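Subject: Structure for you to look at

Hello,

Here is the structure I said I would pass on.

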Amino acid sequence: MEIAFYLAAIVAVAATARVISCANAVHALLYLIVSLLSVAIVFYTLGAPFAAALEVIVYAGAIMVLFVFVIMMLNLNQETVARERSWLAPRVWIGPGVLGVVLIGVLAVALASGGSMGNVDSTPLMAERIGMTMFGPYVLIVELAAFVLLGALVVAAHLGRDDRDVAEEKRVAAARGRRHPGGEQ
Amino acid sequence: MFGFSTDTLIDFAFTAFETIAILLAVVIAAALLIWVERRLLGVWQDRYGPNRVGPFGILQVAADMIKIFFKEDWIPPFADKAVFVIAPAIIMFTTLMAFAVVPFTETIGVVDLNIGILFVLAMSSLGVYSVILAGWSSDNKYALLGGMRTAAQMISYEVFMGLSLLGVVLLAGSFDLRAIVESQAGMWNVIPQFPAFVIFFIAGIAEIHRAPFDLPEAEQELTAGYHTEYSGMKFGMFFVGEYLGIVLISCLTTVLFFGGWLGPILPGFVWFALKAGFFICFFVLLRAATVRPRYDQLMAFGWKILLPIALVNVAITGAVVVAMA
Amino acid sequence: MLSVLRTIWMTLMHTFRKRDTVLYPEEKPYLPPRYRGRIVLTRDPDGAERCVACNLCSVACPVDCISVVKAEDESGRWYPETFRINFSRCIYCGYCEEACPTYAIQLTPDFEMGEFDRQNMVYEKSDLTISGVGKRPGYNFYRVAGMAVGGKDKGEAENEAAPIDVKTLLP
Ligand code: SF4
Ligand code: SF4
């Protein structure tokens, strides 16, 4: 298990590095997916199979698909790749890079001085306990998250709706004496 | 860490053997399906189907394989080579991986994962990439349209698939597929969870984009959809991947709703094969009988009909389970 | 939704229908005599070739696959010296048969003429000529046509009046 943990961790870090340095957007996304998958394996080896499965289903399987979907529609070509590459000049990344290194240094010091590493091979944390925690002590946060998501849903439905089209369709359908075609089959 | 005892070694060897055997069996079943499907379509369209090569034409599979091996394996110069090559491998890989958690009998089965169902869902959600990436990397309008359709279709139907399975999970109290089968000893899940079964099966068809939900490869509109540019062995992988998907959904339906290997008199494996075989034939029947819905109809059907039913089903099942407890 | 279930049920019921397929090489389908297949050159009831090398078939052919070279025997009868049909071009339209004034060229209900070498699809006169009358028994062009030919003068053909003597005023 430990070997799996470290291998997955290395893969995750390497893939994430490629996400940043890759000039082709779709390739970068693929690396990001690989990175998410290896994080899922890390979760699994740490004894959280439920979180691992959700990571794959929700992040790698659904959210990233939408990312790929959008990027696919952008019709990126060689020019964009070249532009991306020009943005990867040291002049551009050296500043953020230094800041990042500082942050990592702080994190390393903090971990070394007190934080304990997750213990590999602990008892698996299954859905039941997660559910108990989520709907017990953290129920308020869950409800708030649900509110936010519901709000997003309503907004999306509102934005996605095209009143003019619907009216037009209704008129045509009425003129032909048929049912509204947007309805069920 | 490297101090293996002989017992672990034997265990390991046995598991490896079992894994390979199951893998082979599944792939061979999928390959034979090519023949089964064509023969069955023949029966339902009042014709014969392949009946020349070998007894009843069963060696047609071998002939097709040889043909596909010797075809030119062409990568279009405008394609994104790396992604183009990886894409067909993904669907084979994810589908085969999903078989790992399927319990075939009391003893046969690669692993009993405590997140079995979630693992299957995870693998099927990763399978989307195969089609999307194939469509994108081909740099072809038809392929891209196919890929986009897949993205929307598979993400949507994954939701209904997951929701429909929640009822089963609630009844069994576990994500482990083996535990789910064992929980059906008294009554198959299909009786208390009939709506869930219907939704799961419909979502399953959409997940592996089989007719009637084969919009990503709708020949009449998109030539061959996402695999327009594929040829030779790479196309063969998509082809076999589709049949693997059929086998997978049939096996899962058997396990989740029809009591897996459970059944009187006959040994467990026979029961499993019979049940799964029935659903495989049903897949072919659906292809022979139904017409492809329009894209907006497909989406509307999912979100406006399947989703509410699935949610109501989860709510009712949850209430009943709580009331009984 | 119900209609979908009904369709599925009806398709399932096709399991018990008779199959429409004819298993071809074992079971040959019946082909009517007017089927348009391999072309033959027939003979008249006397056993002489019917073709008079008029080239009408060659002209009628939409893909130009017939080539005829005319020759004349000592009795004044025309006959084809070469008669060549390139079956790899022929589309079996039957126009040649319609154009032929002597019923010499006829299409037959035989279509099994696959070859590995394309050159073998070019049929010469000897390959085309058969010894029978084909679809037109009893028809002999030279016996009904008004042309004078060895052993038969003008006016001696069937249903033909003797030629009018234009040099006399008698009716
Ligand atoms: S086959 Fe008929 S049409 Fe052709 S050259 Fe001979 S007589 Fe004329
Ligand atoms: S059948 Fe048609 S194509 Fe063939 S030789 Fe006769 S005229 Fe030409």
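Of the 171 residues of chain C, 29% count as buried. Keep in mind that this is a predicted model. The accessible surface of chain C comes to about 11,400 Å², and carbon and sulfur atoms account for 56% of that area.

The overall dimensions of chain C come next. Its C-alpha trace spans about 95 × 45 × 25 Å along the principal axes. The radius of gyration of chain C is 24 Å, whereas a compact globule of 171 residues would have one near 16 Å.

Chain C contains five helices and five strands. Read from the N terminus, its elements follow the order α-β-α-β-β-α-β-β-α-α. If you take the contacts in chain C between residues at least 6 apart in sequence, 70% of them join residues at least 24 apart.

The axes of helix 4 (residues 116-137) and helix 5 (residues 141-172) of chain B come within 8 Å and cross at roughly 175°. Angles over 145 degrees count as roughly antiparallel, so helix 4 and helix 5 of chain B are roughly antiparallel to each other. On the helix 4 side, the residues in contact include B:Leu121, B:Val128 and B:Trp136; on the helix 5 side, they include B:Ala151, B:Met154 and B:Glu158. The residues of this contact divide into 13 nonpolar, seven polar and one charged.

Regards

Methods
Residues numbered from 1 in each chain as written. Chains lettered and ligands numbered in written order. Predicted model: local features only at pLDDT ≥ 70, side-chain atom pairs only at ≥ 80, totals over all residues. Heavy atoms only, no water. Axes fitted to C-alpha atoms, helices over the stretch in contact; angles between N-to-C directions. Helix = DSSP H or I, 4+ residues; strand = E, 2+ residues; numbered from the N terminus. Parallel < 35°, antiparallel > 145°, perpendicular 65-115°, else oblique. Contact = heavy atoms within 4.5 Å. Nonpolar A, V, L, I, M, F, W, Y, C, P; charged D, E, K, R; others polar. Rg over C-alpha atoms; globule rule 2.2 N^0.38 Å. Buried < 20%, exposed > 50% of the residue type's maximum accessible area, 1.4 Å probe, protein only. Areas by Shrake-Rupley, 256 points an atom, 1.4 Å probe, with all protein chains shown as cover.
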